[in-house]
Amino acid sequence: MVTQNSKNKLKQKSLIRLGVGILIVFLLNIALARFYYRIDLTSEKRYTISDSSKKLLQDLDDYAYFKVYLEGDFPAGFKKLRNETRDMLEEFKAYSKKVEYTFINPTEGVNTEKRNQKIQELIDRGLQPTELHVNKKDGSNRMLIFPGIILSYKGYEIPIELLKTQMGVSPEKVLNNSIETLEFNLASSLLKLVNDQKPTVAFLDGHEELNGLALADILEEFSQSYRLGQVKIDGRMSSLFELN
């Protein structure tokens, strides 16, 4: 026969076990927070970012904010690009508390006038739209999307194109290539904003070089990573030493 005293002892032991279990879980959480380690179980190690990217993220001394304009009801390929981008940014965020991101549908819930204004604003900020033809039950619709990011850091911003188009390459291959180079694309863009001191590149003038109009595209591309200078020769070789 089980006495009341025995019942009380059993109840006491159960409460002690419960308390010990809660304490163990609490201590494990503290230990995991102090000794953080991420495990990538994908066969291609898709979420194992490079040591250089980790160092870049861990050395951030201000917030890096990624505004991703890739949100909406997309075909499967662009949904995958959106999801992979979110996963990569989540991985970035895991290595730095100074990484923030948000996904935005730039044309959702706005009238035609505001939609056109928003489209022009994103183009002016360096993002290029992509037109999709989406087949639905009620017919085929055209959709204008911006598969890109505006990255902000210390008051400066840079556009990031997520879709790396190539001539003669199928849309499926383009999407796969864009996903495979996602880490490099995001990290290299962030590095451009982090580096305060840009190396100098000098363009020679006055020696029958291409004119400014012909150089416009390459100057625009170089200006993102280099400090540009101009040296006018006009027959004076000493001009090459005048660039500061």
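Which side chain meets D59 in a salt bridge? K55 does, at 2.6 Å from N to O. A salt bridge here is a side-chain nitrogen of Lys or Arg within 4 Å of a carboxyl oxygen of Asp or Glu. I will come back to that pair.

First, the ground rules. This is a predicted model: local features need pLDDT of at least 70, side-chain atom pairs count only at pLDDT 80 or more, and totals for chains, interfaces and linings use all residues. Residues are numbered from 1 along each chain as its sequence is written, and side-chain values use heavy atoms, with hydrogens and water left out.

Now the overview. The protein chain has 7 helices and 8 strands. Helices (H or I, at least four residues) and strands (E, at least two) are DSSP runs, numbered from the N terminus. The chain holds 244 residues, and 27% of them count as buried. Buried means under 20% relative accessible area, exposed means over 50%, and partly exposed lies in between (1.4 Å probe, protein chains only). The accessible surface of the chain is about 17,000 Å². Carbon and sulfur atoms own 54% of that surface. Areas come from the Shrake-Rupley method with a 1.4 Å probe; for residues, only the protein chains shown count as cover.

Contacts next. A contact means heavy atoms within 4.5 Å. Take contacts between residues at least 6 apart in sequence: 65% of them join residues at least 24 apart.

Four strands form an open sheet, in the order 2-1-5-6, with mixed pairing. Strand 2 (99–103) and strand 6 (156–161) each have a single partner strand, so one side of each is left without a neighbour in the sheet. Neighbouring strands are turned by 20° against each other on average, direction ignored. Two strands pair if DSSP finds at least two bridges between them. In general, strands of a sheet pair through backbone hydrogen bonds, either parallel or antiparallel.

Look at one end of that order. Strand 5 (residues 148–153) and strand 6 pair in the antiparallel sense, over 6 bridges. I149 stands opposite I160 in strand 6. The two strands form a hairpin with 2 residues between them. Which residue in the turn has a positive phi? K154, at about 55°, although K154 is not a glycine.

What lies across the sheet strands? Helix 3 (residues 76–95) lies across strand 1 (64–68), strand 2 and strand 5. The helix runs at about 160° to strand 2. For such angles, axes are lines fitted to C-alpha atoms, for helices over the stretch in contact, and angles run from 0 to 180 degrees between N-to-C directions.

Is S96 buried or exposed? S96 counts as buried, at 6% relative accessibility. Its contacts include L57 and L60, not counting residues up to four places away in sequence.

Back to charges. Side chains of opposite charge can pair when their charged atoms come close. The count here is 8 salt bridges. In the opening pair, D59 is partly exposed at 48%, and K55 is exposed at 52%.

K154 turns up again here. D61 forms a salt bridge with K154, with the closest N and O atoms 3.1 Å apart. This pair links distant parts of the chain, 93 residues apart. D61 sits in the loop between helix 2 (51–58) and strand 1. K154 sits in the loop between strand 5 and strand 6. D61 is exposed at 51%, while K154 is partly exposed at 38%.

Salt bridges that share partners join K118, E121, R125 and E157 into one network.

Last, a nonpolar patch. Which residues form it on the surface? I16, V20 and I24, with about 270 Å² of accessible area together. Patches are made of residues with over 30% relative accessible area and no salt bridge: like charges are joined within 9 Å, nonpolar side chains (Val, Leu, Ile, Met, Phe, Trp, Tyr) within 5 Å. V20 belongs to helix 1 (residues 4–34). V20 is partly exposed, with a relative accessible area of 42%.
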